[in-house]
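Here is a friendly walk through one predicted model, from the whole chain down to single residues. Have the sequence at hand and follow along.

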Amino acid sequence: MDALRKQATKFREQVAKQQQAVIKQFSSSGYESSDVVVIDEVEMQRHHQLEKLYRATRSGKDFQKEIVKAAETFTAIGYKHIETGTKLSEDCCKYGAENNSDNILAKAASVYGDARKHVEKEHEELNRLLSTQVLDPLRQMINGAPLEDARHLAQRYSRMRQEAEAQREEIARRQIRVRESQTAEHVAKLHAAEAKMQELKANMAVLGKEASAALAAVEAQQQRLTFQRLVAMVEGEKTFHLRVAAILGEIEAEMVSDRQKKESAPPVAISENGSEKTMYFLAEATHPFSAESEKELSFSKGDFVVVRKVSPAGWSEGECNGRAGWFPSAYVEKRQRIPSSNSASEVF
């Protein structure tokens, strides 16, 4: 009966140990955390170091995945933005072409459409940069062999440590049995258990160093690569926004310049009906004016000008020294009115 009870007890211990091993295998995150001293303090420090490195590489991998996810979303939105911007560019250019005249709005639409096309090219370049300099290197690191190999080494060390922990318990049981009954069989089994423990200890020392070095190298590579890719993202976006700002600045300057030229240019002379009587007047130049085009009239301070037409835009049309043209109204002062039947030569 005692033999049967001992055999039943041993069987229950084996089943419990197997159940514990299965639970650890499926509930573990990859590296088993434990504060039990299996061999000595040196091994415990190695164990804690591996646990820390394992968690750090897992955290680094998760962070890289988040960057990849964000960059993929950013590029997907970017391609939709490019599609919409390209359509807007085509519509603006089409409007400008269909209304090809001396129309400020038509010209502005053409200029903006062309600039928008260049903006979308810069957006395509940004997406290409994100793909080649951010997404591809990070994906390669996440799915690369160095990370998986290092983590597998740590997992092997964790399983070996669990085995050593079980072997230590086995040695303790063998020692109790030897103290209870110091038979040759019990002593031999104790020596076999101790020899196996020594073998595990030697293997753990080698594997622990290898796993620690591999994980440390991977962690350093993760941090370096992630930092470099983040910097590449910042520089890429910075370059993109600077180039877009330059493009938009150029078209704004061109639009404003065209509008100012249009508003400040001398108005086009409209022929008067011969039956209508127009009153001219004599004016004296209070400031000199130099013509910048064939339509404009030059004169010096003190010259007399026969003013024939005054425009609401601030320009006047007249004749001086045998020449006719437009000049700023504010540059002359009125002196006397002249009937239109008189020519400038008759006045002088």
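Read along the sequence, the chain follows the pattern α-α-α-α-α-β-β-β-β-β-α. That gives six helices and five strands; helices (H or I, at least four residues) and strands (E, at least two) are DSSP runs, numbered from the N terminus. The model is predicted, so to speak of local features pLDDT must be at least 70, and side-chain atom pairs count only at pLDDT 80 or more, while totals for chains, interfaces and linings use all residues. Residues are numbered from 1 along each chain as its sequence is written, and side-chain values use heavy atoms, with hydrogens and water left out.

Of the 348 residues of the chain, 32% count as buried. Buried means under 20% relative accessible area, exposed over 50%, and partly exposed in between (1.4 Å probe, protein chains only). The accessible surface of the chain is about 22,000 Å², and 53% of this belongs to carbon and sulfur atoms; such areas come from the Shrake-Rupley method with a 1.4 Å probe, and for residues only the protein chains shown count as cover. Among contacts (heavy atoms within 4.5 Å) between residues at least 6 apart in sequence, 68% join residues at least 24 apart.

The largest nonpolar core has 41 residues, and Val134, Leu138 and Leu215 have the most contacts inside it. Helix 2 (41-98), helix 3 (104-142), helix 4 (145-180) and helix 5 (184-264) are the elements that give two or more residues to this core, with helix 5 supplying the largest share, 16 residues. A nonpolar core here is a set of buried Ala, Val, Leu, Ile, Met, Phe, Trp, Tyr and Cys residues joined through side-chain atoms within 4.5 Å. Leaving aside residues up to four places away in sequence, Leu138 touches Gln64, Ile67, Val68, Leu225 and Arg229. A second, separate core of 13 residues includes Ala283, Ala285, Cys320 and Phe327.

Helix 3 bends by about 30 degrees at Leu135, and a proline, Pro137, follows within four residues. The bend is the angle between axes fitted to the seven residues ending at a residue and the seven starting there.

Which strands does strand 3 run antiparallel to? The table lists both pairings; two strands pair if DSSP finds at least two bridges between them.

| Strand joined to strand 3 | Bridges | Direction |
|---|---|---|
| Strand 2 (residues 304-310) | four bridges | antiparallel |
| Strand 4 (residues 323-328) | six bridges | antiparallel |

Strand 3 (residues 315-320) is mostly covered, with five of its six residues buried. Its Glu319 is the bridge partner of Val306, and Glu317 has Trp326 in strand 4 as bridge partner. Is Glu317 buried or exposed? Glu317 counts as buried because its relative accessibility is 13%. Beyond residues up to four places away in sequence, Glu317 touches Val306, Val307, Arg308, Lys309, Ala324, Gly325, Trp326 and Phe327.

The two hairpins deserve a look as well. Four residues lie between strand 2 and strand 3, and Gly314 in that hairpin takes a positive phi near 100 degrees. Strand 3 and strand 4 have two residues between them, and Asn321 in the turn has a positive phi of about 55 degrees, although Asn321 is not a glycine. Most residues other than glycine have a negative phi. Asn321 counts as exposed, because its relative accessibility is 66%.
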